[in-house]
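Here are some notes to read alongside the structure, written for someone opening it for the first time. Have the viewer ready and follow the points in order.

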Amino acid sequence: MHRLGVKGKWFMILGLIFSLMMCWAPAGLAQEAKAEEAKKAEAPAEDRPTASLGVDILSQYIWRGFALSRDSAVIQPSLTAAYKGFSVNIWGNFDTGESNPFLTRDRGAKWNETDFTFGYSRELYAGTAIKSLSANVGVIYYALDSAINPQGDSFEIYYGLGLDVNWFKLAATANQEVLHYPGWWLTLGISRVFELPFKIQDNSNVSLELGHNFIFLFSRDQVAYPNLRTSDPVEAFSGPLAGQLYATLNVPVHKYVTIAPKIGFWYAAGGDATPLLRGASWDNQQNHVYGGVNVTFAY
């Protein structure tokens, strides 16, 4: 059994409290959600391809609790196309001043990762109290620079479920690595969107999204993800890894354009996760605060 450190316990308790707060809503909010759904039901859904182009400008690149940048901003563009449940996404990471402690020298501004995702999602159930239950499956190919992954590129298969109960959403996603680093990742998330009572240029309401994700890692690769609290050289890490608290303000400034300032906090789950995250993160820290802005053009 993994032992949690004092800080890890407090972070987990705070995350749980945060999650429970988002699960509470007055009856008035539920009635508003039903009224909004009734309006949407009157208009037939438009079946057409969609596309979006977005970019995140962030103070740090954090991947599942691991910091993959330090002392620099990162720019992360993303292009997505979707139709009839199928979607294709291309995502990249540009480090404005790559400073990797595992290399002998800093490499300056560098494009060091490109990810390709192909997925399919389908609604399994739609109702009133439970707005929808959906499932998704897909693959992710990580084209990685050697600074990120000296062993080469990575490939994952993922499976997920999403539950929308009008005033909060739950999600569970399992990622299986099949190319390198054998093992599983499990991400559990809860989020809630608050519609704010004002608009910009008569477009959709400004909204605030609050969320909490928690990640488990069940690894079979003792080299990439070792259990640093044991003397056994062949034991890999397995258990709770990290949590993420985040807030995003979505501001529609045009029919097709949304600007979204965001802030987040990643924390180690404690116990065996603390030395693993600290040792593998570029900034030698197990907890990370980040901020930035996203700009998305959607059609």
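The points below go from the whole chain to single residues.

1. **Ground rules.** This is a predicted model, so local features need pLDDT of at least 70, side-chain atom pairs count only at pLDDT 80 or more, and totals for chains, interfaces and linings use all residues. Residues are numbered from 1 along each chain as its sequence is written, and side-chain values use heavy atoms, with hydrogens and water left out.

2. **The chain overall.** You will find 3 helices and 14 strands in the chain; helices (H or I, at least four residues) and strands (E, at least two) are DSSP runs, numbered from the N terminus. Of the 299 residues, 37% are buried. Buried means under 20% relative accessible area, exposed over 50%, and partly exposed in between (1.4 Å probe, protein chains only). The accessible surface comes to about 16,200 Å², and carbon and sulfur atoms hold 63% of that (Shrake-Rupley method, 1.4 Å probe; for residues, only the protein chains shown count as cover).

3. **Contacts along the sequence.** Take the contacts in the chain with a separation of 6 or more: 57% of them are between residues 24 or more positions apart. A contact here means heavy atoms within 4.5 Å.

4. **Helix H3.** Look at residues 273-280, which form H3; Ala273, Thr274, Pro275, Leu276 and Leu277 are buried there. What do the buried residues of H3 pack against? Their partners are strand E3 (66-67), strand E12 (238-252) and strand E13 (257-268).

5. The structure holds 6 salt bridges, each a side-chain nitrogen of Lys or Arg within 4 Å of a carboxyl oxygen of Asp or Glu. In one of them, the side chains of glutamate 156 and arginine 64 meet at 2.8 Å, N to O. This pair links distant parts of the chain, 92 residues apart: glutamate 156 sits in strand E8 (residues 154-164), and arginine 64 in the loop between strand E2 (62-63) and E3. Both glutamate 156 and arginine 64 are buried.

6. Arginine 107 meets glutamate 98 in a salt bridge at 2.4 Å, N to O. Arginine 107 also forms a salt bridge with aspartate 145, with the closest N and O atoms 2.6 Å apart. Because arginine 107 is in the loop between strand E5 (86-98) and strand E6 (108-126), and aspartate 145 in the loop between strand E7 (132-144) and E8, the pair ties together parts that are 38 residues apart in sequence. How exposed are they? Arginine 107 counts as partly exposed at 24% relative accessibility, glutamate 98 as buried at 1%, and aspartate 145 as buried at 18%.

7. **The second largest pocket.** This pocket has about 710 Å³ of space. On a 1 Å grid over the protein atoms alone, a pocket is an open set of points where a 1.4 Å probe fits, with protein on both sides within 12 Å along at least five of seven lines, and lining residues have an atom within 4 Å of a point. Grid points are joined across faces, edges and corners, and the volume is the space filled by probe spheres set on the points. The lining has 31 residues, and those closest to the centre are Ile148, Asn149, Pro150, Tyr181 and Tyr225. H3 gives the largest share of the lining, 4 residues. By class there are 22 nonpolar, 6 polar and 3 charged residues (Ala, Val, Leu, Ile, Met, Phe, Trp, Tyr, Cys and Pro count as nonpolar, Asp, Glu, Lys and Arg as charged, and the others, Gly among them, as polar).

8. **Two loop residues.** Aspartate 153 lies in the loop between E7 and E8 and counts as partly exposed at 23% relative accessibility. Leaving out residues up to four places away in sequence, aspartate 153 touches Tyr141, Tyr142, Ala143, Leu144, Leu179 and His180. Phenylalanine 102, in the loop between E5 and E6, is exposed, with a relative accessible area of 52%. With the sequence neighbours up to four places away not counted, phenylalanine 102 touches Gly279, Ala280 and Trp282.

9. **Positive phi.** Aspartate 71 has phi near 55 degrees, a positive value in a residue other than glycine. Aspartate 71 is in the loop between E3 and strand E4 (74-83).
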